[in-house]
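Please look over the structure below. A short report on selected parts follows.

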Amino acid sequence: MKWQSPGENVSKGGNFLTRLIGRFIFWIMGWRISGEFPNRSKIIVALVPHSSNLDFLLTIAVLWGMGLKSSFLIKHTVFWFPLGPILKALGGIPVDRASENGLISQVTKEFQRRSKFILGITPSGTRKRVTEWKKGFAILAVSARVPVMPAILNYETRTVRFAPLIEDVFDVENILMLVRREAETGMSRS
């Protein structure tokens with residue numbers, strides 16, 4: 001598999017060693033990537049489905065393998081020592097899902113503050129099977145006026161597929177529908 005080089009606008013991170021480690025992990029697990037990561041300075045990556053603890057390892061392998069720098073929201077209860085500092089170093093942002101602390105506003109301000117920012121979010125919000133996705137990622141996209149790229153994990157074909165970028169970020173329900181459609185088609189064809 002040939003690894004895509006991130007464009008000049010994309011938030012980059014890591015070094016030769018992390019790229020080597022990420023690519024090795026991806027290769028040893030037998031996965032591949034299809035699609036192109038967009039050359040955008042700000043983007044929300046909607047990772048679907050979130051069904052396994054391996055999702056995190058695969059995501060880190062892709063990020064490191066491509067030389068990308070991103071952040072992700074994760075429940076605050078896992079930020080205990082020594083895991084907390086590791087998660088923060090990997091881009092983790094602690095979230096108290098029970099708190100009404102204006103998370104959308106805080107993350108929107110982060111998008112405004114930073115010149116480059118990739119944020120990965122799992123719409124299901126949990127590894128358990130769910131019938132309804134959380135709308136937070138779509139609400140955030142509308143609030144921050146940031147495009148959404150669905151990233152579909154297909155465990156049957158061992159493929160991570162970067163779906164086309166959703167640029168029309170004015171309607172939460174439309175964003176949800178488009179990501180769900182990409183997830184459904186991505187699971188059948190990746």
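Predicted model: local features only at pLDDT ≥ 70, side-chain atom pairs only at ≥ 80, totals over all residues.

## Report

Lysine 2 is exposed, with a relative accessible area of 79%. Here, exposed means over 50% relative accessible area, buried means under 20%, and partly exposed is in between, with a 1.4 Å probe and protein chains only. Lysine 2 sits in the segment before H1.

Residues are numbered from 1 along each chain as its sequence is written, and side-chain values use heavy atoms, with hydrogens and water left out.

### Two helix pairs

Where do the axes of H1 and H2 run relative to each other? Helix H1 covers residues 16–28 and helix H2 covers residues 54–66; their axes come within 7 Å and cross at roughly 135°. Axes are lines fitted to C-alpha atoms, for helices over the stretch in contact, and angles run from 0 to 180 degrees between N-to-C directions. H1 and H2 are therefore oblique to each other. Angles under 35 degrees count as roughly parallel, over 145 as roughly antiparallel, 65 to 115 as roughly perpendicular, and the rest as oblique.

H1 passes H2 in a left-handed crossing. From H1, the contact uses Thr18, Arg19, Ile21, Gly22, Arg23, Ile25 and Phe26. From H2, it uses Leu57, Leu58, Ala61, Val62, Trp64, Gly65 and Met66. Contact means heavy atoms within 4.5 Å. The residues of this H1 and H2 contact divide into 9 nonpolar, 3 polar and 2 charged. Ala, Val, Leu, Ile, Met, Phe, Trp, Tyr, Cys and Pro count as nonpolar, Asp, Glu, Lys and Arg as charged, and the others, Gly among them, as polar.

The second pair is H4 and H5. Helix H4 spans residues 103–113, and its axis comes within 9 Å of that of H5, crossing at roughly 50°. H4 and H5 are therefore oblique to each other. Their crossing is right-handed. A crossing is left-handed if the near helix is turned anticlockwise from the far one by less than a right angle, and right-handed if clockwise. Ile104, Val107, Thr108 and Phe111 of H4 meet Gly136, Ile139, Leu140, Ser143 and Ala144 of H5. These residues divide into 6 nonpolar, 3 polar and no charged.

H5 spans residues 136–144, and its buried residues are Phe137, Ala138, Leu140, Ala141, Val142 and Ala144. Just after H5, arginine 145 takes a positive phi of about 55°.

| Residue | Relative accessible area |
|---|---|
| Glutamine 4 | 15% |
| Methionine 66 | 3% |
| Serine 71 | 8% |
| Threonine 159 | 0% |

Glutamine 4 lies in the segment before H1. Which side chain does the side chain of glutamine 4 meet in a polar contact? It is that of glutamate 36, at 3.4 Å. A polar contact is a pair of N or O atoms within 3.5 Å; within protein, one must be able to donate a hydrogen and the other to accept it, and residues adjacent in sequence count only if both atoms are side-chain atoms. A polar side-chain atom of glutamine 4 also lies 2.8 Å from the backbone oxygen of phenylalanine 37. Beyond neighbours within four places in sequence, glutamine 4 is in contact with Gly35, Glu36, Phe37, Met66 and Phe162.

Methionine 66 belongs to helix H2. Residues up to four places away in sequence aside, methionine 66 touches Trp3, Gln4, Pro6, Arg19, Ile33, Phe37 and Phe162.

Serine 71 is in strand E3, residues 71–75. Not counting residues up to four places away in sequence, serine 71 touches Gly91, Ile93, Arg114, Phe117, Ile118, Leu119 and Gly120.

Threonine 159 is in strand E7, residues 159–162. Its side chain makes a polar contact of 3.4 Å with the side chain of arginine 32. Another polar contact, of 3.1 Å, joins the side chains of threonine 159 and threonine 157. Threonine 159 and serine 34 are 125 residues apart in sequence, yet their C-alpha atoms are 6.9 Å apart in space.

Methods: Helix = DSSP H or I, 4+ residues; strand = E, 2+ residues; numbered from the N terminus.
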